[in-house]
Amino acid sequence: MRGLLSSGKKFAGSGVGVWPRRRTVIAAMAALVLLPIEVSDAGWLSDVFKGSPKSGRLPKHVTSPKRATLAKPAASPKPSTVKLAALGPVALNPLALKPGATMCDPSKFRIVLDVGHTAESEGATSARNVAEFVFNLRLARRIEEKLKEEGFAETRLLLTEGKARPSLVKRVAAANNLPANLFLSIHHDSVPDSFLENWEFEGKKSHFSDRFSGYSVFVSRNNPDFKTSLSFAELLAREMKAQGLQYAQQYSQAIMGRYQHPLLNKETGVYSYDKLIVLKSTRMPAVLLEAGSIINRDEELRMDSAERRDIISSGVAAAVKEFCDPRWAILGAL
Ligand SMILES: [Zn+2]
């Protein structure tokens, strides 16, 4: 999504995890089959978006937008509190634990889970010719379930339609208008075209690259609340690592050319991606997670498993809980 999710450059492909590839009918159909189910969950967005939804895809029962019934916006965690959380248990100041320390109320904390790409503009294509959008949707749904199980009732999937760039504006507007307290964009990674190799999958010419693997976490230094964005990014990356996952190291390497990004934390794998629209134009802490590579043939199989979705969802939920309440980091579930 270099050109599509970031501003200022024209690039027909996508960016982090959104590389220009031809799409397959199978992938598109899979996405379309999944979409109606999710649109009902995302019905609360219908009054946020000015554009009229595609009537052919919307189930009839999508009626009252849930936004009207949402509670008043919960206060964002104070940066000082969040900063303590990001430092981890060892560095926690006991003063942060005194009664009255600012913490969020999970039942009112609005988390927007942004499903990367759209059914029309599906992002990357996996080694086995499945659209990234399909992976993003499945994982985001599992994360949503997990967060709601943990009491974060105001967690919402953000599903957008249409072409890539207009959909980015919609994403940002939806999150800002809510307003969300935390924005997390879910993606799966690929590689630039120059790294692609040919193979045949189920009798069809396909592309792969087994060279890189792993998750990565991105923030924009242009986000108005960069410090808090970074705090959450650090928590998320640490939790991914704690789940036994490894981060993708290639983005800091010169071999990536224009896709190179500054590595902000070489221990956990937090990168900056300053011009990414959904990270810089959102007026709340915003983080993008590349959950793993789907162009890597082994990792694609793992990313396709419910087990891996559970692992990642648990990591996200743990990070959100720590972000919301620093005491959780040292005391466990309260
Ligand atoms: Zn993507």
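Mentor: The largest nonpolar core has 70 residues, and Leu184, Val217, Phe232, Leu236, Leu289 and Ile312 touch the most other members. A nonpolar core is a set of buried Ala, Val, Leu, Ile, Met, Phe, Trp, Tyr and Cys residues joined through side-chain atoms within 4.5 Å. Buried means under 20% relative accessible area, exposed over 50%, and partly exposed in between, with a 1.4 Å probe and protein chains only. The model is predicted: local features need pLDDT of at least 70 and side-chain atom pairs count only at pLDDT 80 or more, while totals for chains, interfaces and linings use all residues. Residues are numbered from 1 along each chain as its sequence is written, and side-chain values use heavy atoms, with hydrogens and water left out.

Leaving aside residues up to four places away in sequence, phenylalanine 232 touches Leu182, Leu184, Val287, Ala319, Val320 and Phe323; contact here means heavy atoms within 4.5 Å.

Let us turn to the sheet. Seven strands form an open sheet with mixed pairing, in the order E2-E1-E3-E9-E6-E8-E7. Strands (E, at least two residues) and helices (H or I, at least four) are DSSP runs numbered from the N terminus, and two strands pair if DSSP finds at least two bridges between them. Strand E2 (155–158) and strand E7 (263–265) stand at the edges with a single partner strand each, so one side of each has no neighbour in the sheet. On average, neighbouring strands are turned by 30° against each other, direction ignored. E1 and E2 run parallel and are joined by four bridges; leucine 113 has leucine 157 in E2 as its bridge partner. H4 lies across E1, E2, E3 and strand E9 (286–293), and runs at about 140° to E3. For such angles, axes are lines fitted to C-alpha atoms, for helices over the stretch in contact, and the angles run from 0 to 180 degrees between N-to-C directions.

Histidine 117 lies in the loop between E1 and H4, and histidine 187 lies in strand E3, so the pair ties together parts that are 70 residues apart in sequence.

In the loop between helix H5 (164–177) and strand E3 (182–189) lies proline 179; a cis peptide bond with omega of about -15° joins leucine 178 to proline 179. Glutamate 202 lies in the loop between strand E4 (197–201) and strand E5 (204–208). E4 and E5 run antiparallel and are joined by five bridges, with asparagine 198 paired to histidine 207 in E5. Their hairpin has two residues between the strands, and there glutamate 202 takes a positive phi near 50°. At 71% relative accessibility, glutamate 202 counts as exposed.
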